[in-house]
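Hi,

Here's the structure I said I'd pass on.

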Amino acid sequence: MTSALPSSIPDSQLGLSHSEIQILRQHQQIALQNQAYAHSTSTRGRGHARTSASTSRAASAASSGHGRLLLDPGSLAVLGQHFERLMGAIQNRVEQLTAQTQISTVNQSSRAGAAMAAADAEIARFRDIIRQIDELETEFDKVRHIRDIVKGFRARVEGLERKMDGRGSRR
């Protein structure tokens, strides 16, 4: 007496988490539906109704299997190919996002470098303005000192003129 292999097993016995089981169920159904669609479009009018019918039955069994993983070689191959394509698509998307991240990082770095260069230029300009203000304050102090000396001389000259005018008027 030979024991026949089961045609499916409960997906809950695969050691997957609840979310992984949901993914498996979803993608098993998608893979089998895609296979059924591919067979129906490629065998139209060619007399391969038997292959198409078995594929339809497999897709129907997957959709009505309520949480069972089909164990026939064809279903497992289709599911394996589907996951390979899915992983390839995910890997391509990761590579695209990585490239976009690198471009964004380079652009941000360039903008940051430009902003730092602009800030350095503004700091240099600010320092130059402060230097000019210091020079003007020094000049202002010199001019004020000269003005005070001139005022002092003028006051002395006016005082001397008054003295001389006072002496000249007394005569």
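**Salt bridges in the model**

Let's start with Arg131, which makes a salt bridge with Asp128, the closest N and O atoms being 2.5 Å apart. Keep in mind that this is a predicted model. Both residues sit in helix H3 (residues 73-170), 3 residues apart, and that spacing is about one turn of the helix. Arg131 counts as partly exposed at 39% relative accessibility, and Asp128 is also partly exposed, at 32%.

Further along, Glu139 pairs with Lys142, with 3.6 Å between the closest N and O atoms. These two are again 3 residues apart in helix H3, so about one helical turn separates them. Glu139 has a relative accessible area of 42%, which makes it partly exposed, and Lys142 is partly exposed too, at 46%.

Now try another pair: what does Arg25 form a salt bridge with? The partner is Asp11, and their closest N and O atoms are 2.7 Å apart. Arg25 is in helix H1 (residues 18-42), while Asp11 is in the loop between strand E1 (8-10) and H1, so this bridge ties together parts that are 14 residues apart in sequence.

Is Asp11 buried or exposed? Asp11 is buried, at 2% relative accessibility, because buried means under 20%. Arg25, on the other hand, is partly exposed at 34%.

Cheers

Notes: Residues are numbered from 1 along each chain as its sequence is written. This is a predicted model: local features need pLDDT of at least 70, side-chain atom pairs count only at pLDDT 80 or more; totals for chains, interfaces and linings use all residues. Side-chain values use heavy atoms; hydrogens and water are left out. A salt bridge is a side-chain nitrogen of Lys or Arg within 4 Å of a carboxyl oxygen of Asp or Glu. Helices (H or I, at least four residues) and strands (E, at least two) are DSSP runs, numbered from the N terminus. Buried means under 20% relative accessible area, exposed over 50%, partly exposed in between (1.4 Å probe, protein chains only).
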